[in-house]
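Here are my notes on the aromatic rings in this model. Please keep the structure open as you read.

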Amino acid sequence: MTSLISGPRPRPTPSTWRSWLLAIPVLATMTVAAAIQGPFPPTELPDLRYTNDFFPGTLYATNVPNPADLLGFPTGERAATSTEIERCFKAWSTALPDRTRLVEYARSHEGRPLHYLILTAPQNLARLDEIEADLRRLGDPRTTDKSQAEAILARTPPVAWFAATIHGDETEGSDAALVLTYHLLAANDQDVRSLLDSLVIIIDPLMNPDGRDRFVKMIAEHRGTTPNLDEQSLLHAGYWPWGRGNHYLFDLNRDYLYAVHPETRGRIREIARWNPTLFIDAHGMGAQDTHLFGPPREPINPHVPQHRRNWENLFSQEQARAFDQRGLLYYNGEWAEEWYPGYTDSLATFRGGIGILYEQARIAADGVRRPGGRILSYRESVLHHVVGAMANFQTVKAHGRDLLAGFHATRSLAVDPNGPYGRRSFAVLPTGNRSRLQALIDTLQIHGFELHRSTRDITPVTATDQLGRTFDSFTVPSGSLLIPNRQPLGHLLAAFLEFDPKLSADALEDERREVLRTGGSRIYDSTAWNLTQMFGLPAVTLASDLPPDTEPLGPAPAPTPQHADTPPPVGWVFTGADDLSVTAAARLLERGVQLRAATKEFRIDDQTFARGSIVVTRLDNRAVTGNLAALVHQAGAESGLAPTALRSGLGVGDLPDLGGSLFPLLTPPRIATAGREATQFTDYGFTWFLLDHRLAIRHSQLDLNNLGDLDRYNVLILPDGGSDIVAPVRDRLKDWVRNGGTLVAIGDTTRAFIREEAGFSRVRDLPTVLPKLADYELTVQREWLSRAGPMPATTNVWAYLAPTKIDYPWQATAGPHSDEKELKKRDAWQALFMPAGAILATRIDTNHWLTAGCPEPLPILTGRSPVLMSAEGADAPIRFGYLVNAPPSPVKPAEEADTPARSNPNPNPNPNPIPPGGATAKETKDKDEPPRVGWAALPPGTAMHLRMSGLLWPEAGHRIANSAWVTRENLGRGQVILFASSPTHRAGSRGAERVFLNSVVLGPGLGTSPVVRP
């Protein structure tokens, strides 16, 4: 037996130097003199050598491959690559087949495998399939009676899962996984043997191999001949787009809600397979920090099972004791809360396990000098994860049966008819957007939720819609998707689908005080995420268990053409009600097929087609090489949306005919995305992913500061973050737009174009137009009047005598705005309270091509974004605030007169007050303030719904209401499209995403004036 895993780090020998030089790119510019004389060895840094063993005094078996031999360097000396990690795990699984099982559970976008290794005693491994089945039965109390559950508890070891490096540049966790795995397999230690007798341990060493290898490459690029201890150095910090995200730069630790990426989807399946009792998620944080572990502080999501709350302090205390024994510093709580349910450890928690987050001071290489002068080495940083994991494993071993019983009790509560989810179901109502609904179904099914479909209309039921309106007699249409909350995964389901979870009173007060004290937020991620709202699908919550007349959801039917192509049709239609119509259009345009887009709903061949439908006519495509019908059906097969053949081009009545002006020709998009450096790498990645996976068409990626020949493109996308675009670049973009380009700018990047001095856009940011609010208010009134405003009396219209009185829309405001000084003061105050991610209701211009395929109200996730003000000369197809007719206000006592009535189309009005930011235009006459929501008056007789989900302070509601979420305006022959917040957020905002896809695919044809050449 020899001690091989660790030990004092010796003075580098010539062979060690050779290995280092093989791992690090040689400096190509080395002078001849330097080549003869050096490289010199680095000067001594004794504190850089962390000489303590990971497991002092432990002897290791020689028949287990040593990681130092497999890697070529001592474990924890530097960050191992994904290939090196894979080499170790394959060697161990080959050497110890009676104690290990290696599982490849996914492949990354770049083709790298993701593995986990199961480690346990031989007697456990021999019955691993039985253990898996027992845990599955324990997780569904509907199929397991009390005696069966007791038998399972008596014979089944719990599963403990250690997962690392979901952020690729937080590297220590993967190296800790190497240390842990070797120790558990090779240690000649009774405690270790007892641990494996009692547990099934899963080591998931690298959750983001693409990001890690990208960052390890950055380390190699910036490593010199001497260790660097400055965390500001590129050696430690890296450069854009850094290593945090995966191939598409997504933060995979936020992806569990939407399950977009293969890494996430594979892990979700395996977590569901093994139902881990413990799930450790090892991360890194700022280099000058220490170490954080659970439990988190408020706000805590209300659906976190009580089981986790019951055990979190014991795990924390025993982990703290292990750290104290090593003299390591740590803390818990502080910045770490548990509101957003889409984190890695949260997934295990909501499924009934114990999820624990680790955050270790991140050291990319060598070490970092701390404020007191002490050096924290990479190896010592790795140690923290190792010590924490072993402590948590021991806690599970000591309390395994009770922990499994708590898991069973959590699942039992979720299926209890008298439990918290006993009388609640969610219904997603039928929609013409079949692909979007199927995408939601896919997301729900990957998590293992039980789904049903109504086989007939179900009525009457009590239902609450996404605007918070309650209906006592609601009809659930036949074909609705029904999801009962009462199912084994009820806690997770509620966390994903509850429309509007609310912070506790204490958490809300703490958040308010934090905003006032620092201008920041105590909430780490978005405060809203409801899946049906993010997908832009209408849904209601039913105050009942699963209604009768339902059936389990079967597989989606394959799309079939509506008409055969014989005789040859006039053309084909891809319905604009479905998002895939844009995908089909993009692919057909790329193949040279000419297309038209319907700017109005039309009816041909006894079928009605939505605005935004894509039309292919034989006449337009006489010059197409090959079989046009085959190309159309190929696009349908690729996109998943079958085309409908048309026998005629004649519309019904006044509805459009195919040859009219309401079917303009589209221009093939030639798309580029420009970014780098100042651009938010995540938003850049969202855009990149959508172009690759939602459209699957060619596009280019440009450096914003080196744009090259812009004439190659007619669509240029500028993702969020690049607000400091230098004037020469902005001027080039202006010329390009004037010549027919479509510029799409997102979030903070819009600020570069809405400054008056830029001369680029008529849109402005709210703080810059406070003296001119009356102009913007009039625009809002005019838009509403054009859509739903009252008509003048016909007797007045046809009167012979000249009118003596005219009503003007600005008279409805009941008074002028405050003076500029007061308005600036108010706006600065309101800006403090801008949301940390809230879902707001918006109203849409149903005649604008950008809003094709969008329902109303359209839920939009927004945060601390620009408040876009659009008046004459710039369209605002989507504005914040959904307007409805206000019910008559009942007579109220004087002390209640300031509480506005809430709109509700249900005959029984909802007694709840309007949510923050909501208001009606029926205000008491003795109020000092005019009847305005923020800067704009409500049209007479209307009420506004604004907040749908998440935390929106009233101050922020007043600031955002009536502002534009998206604008479009002409500039020369081209157009500028501005989004206040990201329409591509995490590839999960399907409703907002449709507007973005419309902008880049339909935009060059519908919004610009290209040069017509003879």
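1. Which residue lies over the face of W953? R512 does, at 4.9 Å from the ring centre. Bear in mind that this model is predicted.

2. The charged end of R986 sits over the ring of Y340. Its distance from the centre of that ring is 5.4 Å.

3. Now turn to rings paired with rings. The count of aromatic pairs comes to 28. One of them joins F471 and F474. Their centres are 6.0 Å apart, and 40° separates the planes. That angle makes the pair tilted, because stacked needs planes under 30 degrees apart and edge-to-face needs over 60. F471 and F474 are both buried.

4. Compare the pair made by F602 and F663. The ring centres are 5.0 Å apart. The planes stand at 75°, so this pair is edge-to-face.

5. Where do F602 and F663 lie in the chain? F602 belongs to strand β21, residues 602-604. F663 is in the loop between β24 (644-646) and β25 (671-675). The pair therefore ties together parts that are 61 residues apart in sequence.

6. Are F602 and F663 buried or exposed? F602 has a relative accessible area of 0%, so it is buried. F663 has 1%, so F663 is buried as well. The cut-off for buried is under 20%.

7. Finally, find the aromatic cluster that includes W688.

Notes
Residues numbered from 1 in each chain as written. Predicted model: local features only at pLDDT ≥ 70, side-chain atom pairs only at ≥ 80, totals over all residues. Heavy atoms only, no water. Phe/Tyr/Trp six-rings, centres within 6.5 Å; stacked < 30°, edge-to-face > 60°. Buried < 20%, exposed > 50% of the residue type's maximum accessible area, 1.4 Å probe, protein only. Helix = DSSP H or I, 4+ residues; strand = E, 2+ residues; numbered from the N terminus. Lys NZ or Arg CZ within 6 Å of the ring centre and 35° of its normal.
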